[in-house]
Amino acid sequence: MEWRCEWCGKPHESDDPPCDNCGHHEFEKAVERVPATADQPQGSVWVCPECGRQHQKHSPPCSRCGNLELEQRDVADLDDPLEDIGTGWRDVIEAKYVAGYVAVGVLLLVLGLGFVGVIDLPGMGEPTIPDAPGNADTAGNLSLAEVEAEYVAEVNERRDAAGASSLRTDETLGRLAAYYNKAIVDATYDDGDGPNRDAIDRFDHDCSSPPDILRHENSAGPDGAAIVTAESPEAAASALVERVENGARFDDLLDATRSSVGVDVHVAPDDRVFVTIVVC
């Protein structure tokens, strides 16, 4: 069995210090080398007991943590060099990499929320519908959702009389109408910026070409109050259709090539009624 210097590793025939290379006064038994096989690792390594870093030579300090002591271990016993010293992999991961992983995770989370529409990111998903002043749900005793449905029914009666097929209510066009209508109200009564072209284009509708957006505003006072105080959703819808019918673009709603529609009715704080119709 050969001996070698504990400090510099020089081999000696016998345990007869000092080392004739470095003068160190302690020898240790050398590990016998065995031929490497497919399932048998060869030799030994020096392991830092603090962080588990492996070194091919006894050359302290540790190149990872700077510890001044290394321990010699057989390669066969090093399936998990951190298991015996009570150190987990998380203990030796550098902070800068952890911060990078966290940053990437946050970015992916934000992009995911933007994609599904939970948060509004530029260029991703449908925009958030503004919380406009006034009322988006009711007007007096009327449900505005029912008024919108009756509005489409009134328009379809006129289309039927003109020989055109009925318009189908489309949920995406309805959300587009709500975004556009409430952005107008928000800009009129608050500090909103109004509808944004990029935001309009982010609605994933089934139209083969950009849809047409038609608007109507009932003036405040008796004109708007007559709709707000209507006895039924049908009466309110009829009044709105009659007012919109006087507009120059009402014929777009009667165009036989149109097939889908979305409507939003919003009542402002002063009973002014805003209507937006999106059709394609």
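Author: Gladly. Let's begin with Pro195, which lies in the loop between α4 and α5; please keep in mind that this is a predicted model.

Reader: Why is Pro195 called partly exposed?

Author: Its relative accessibility is 26%. Buried would need a value under 20% and exposed one over 50%, so Pro195 counts as partly exposed.

Reader: What is Pro195 in contact with, leaving aside its neighbours within four places in sequence?

Author: Tyr179, Tyr180, Ala183, Ile184 and Ile200 are in contact with Pro195.

Reader: Pro210 is called exposed. What makes Pro210 exposed?

Author: Pro210 has a relative accessibility of 68%, and the label exposed applies over 50%, so Pro210 counts as exposed. Pro210 lies in the loop between α5 (197–201) and β10 (212–217). Its C-alpha is separated by 9.3 Å from that of Val279, which is 69 residues apart along the chain.

Reader: Now to helix α4. How do you know that the span of α4 is close to the one expected?

Author: Helix α4 covers residues 171–189, which makes 19 residues. The expected span takes 1.5 Å times one less than the number of residues, which gives 27 Å for α4, and the helix reaches 27 Å from its first C-alpha to its last.

Reader: What makes α4 mostly covered?

Author: The count does: 14 of the 19 residues of α4 are buried, each with a relative accessible area under 20%. There is also a feature at the start of α4, where a side-chain oxygen of Asp170 comes to within 3.0 Å of the backbone nitrogen of Thr172.

Reader: How many aromatic pairs does a search of the whole structure find?

Author: The search finds 2 aromatic pairs. One of them joins Tyr179 and Phe203.

Reader: Why is the pair of Tyr179 and Phe203 called tilted?

Author: The ring centres are 5.9 Å apart, and a pair needs centres within 6.5 Å. The planes stand at 45°; stacked would be under 30 degrees and edge-to-face over 60, so this pair is tilted. Tyr179 lies in helix α4 and Phe203 in the loop between α5 and β10, so the pair ties together parts 24 residues apart in sequence. Both Tyr179 and Phe203 are buried.

Reader: And what makes the pair of Tyr189 and Phe274 edge-to-face?

Author: Here the angle between the planes is 75°, with 6.1 Å from centre to centre. The cut-off for edge-to-face is over 60 degrees, and the pair of Tyr189 and Phe274 is edge-to-face. Tyr189 belongs to helix α4 and Phe274 to strand β12 (residues 273–279), so parts 85 residues apart in sequence are tied together by the pair.

Reader: What about helix α3: which residues in α3 are buried?

Author: Leu144, Val147, Glu148, Tyr151, Val152, Glu154, Val155, Asn156 and Arg159 are buried in α3. Helix α3 runs over residues 144–161, and its 18 residues reach 26 Å, close to the expected 26 Å. Just after α3, Gly163 takes a positive phi of about 85°.

Reader: What makes β5 and β6 edge strands?

Author: In the open sheet of order β5-β4-β6, β5 (54–55) and β6 (71–74) each pair on one side only. Strand β4 (residues 44–47) is joined to β5 by 2 bridges, and Trp46 stands opposite His55 in β5.

How values were computed
Residues numbered from 1 in each chain as written. Predicted model: local features only at pLDDT ≥ 70, side-chain atom pairs only at ≥ 80, totals over all residues. Heavy atoms only, no water. Pairing = 2+ DSSP bridges. Helix = DSSP H or I, 4+ residues; strand = E, 2+ residues; numbered from the N terminus. Buried < 20%, exposed > 50% of the residue type's maximum accessible area, 1.4 Å probe, protein only. Polar contact = N/O pair within 3.5 Å; in protein donor to acceptor, adjacent residues only side chain to side chain. Phe/Tyr/Trp six-rings, centres within 6.5 Å; stacked < 30°, edge-to-face > 60°. Contact = heavy atoms within 4.5 Å.
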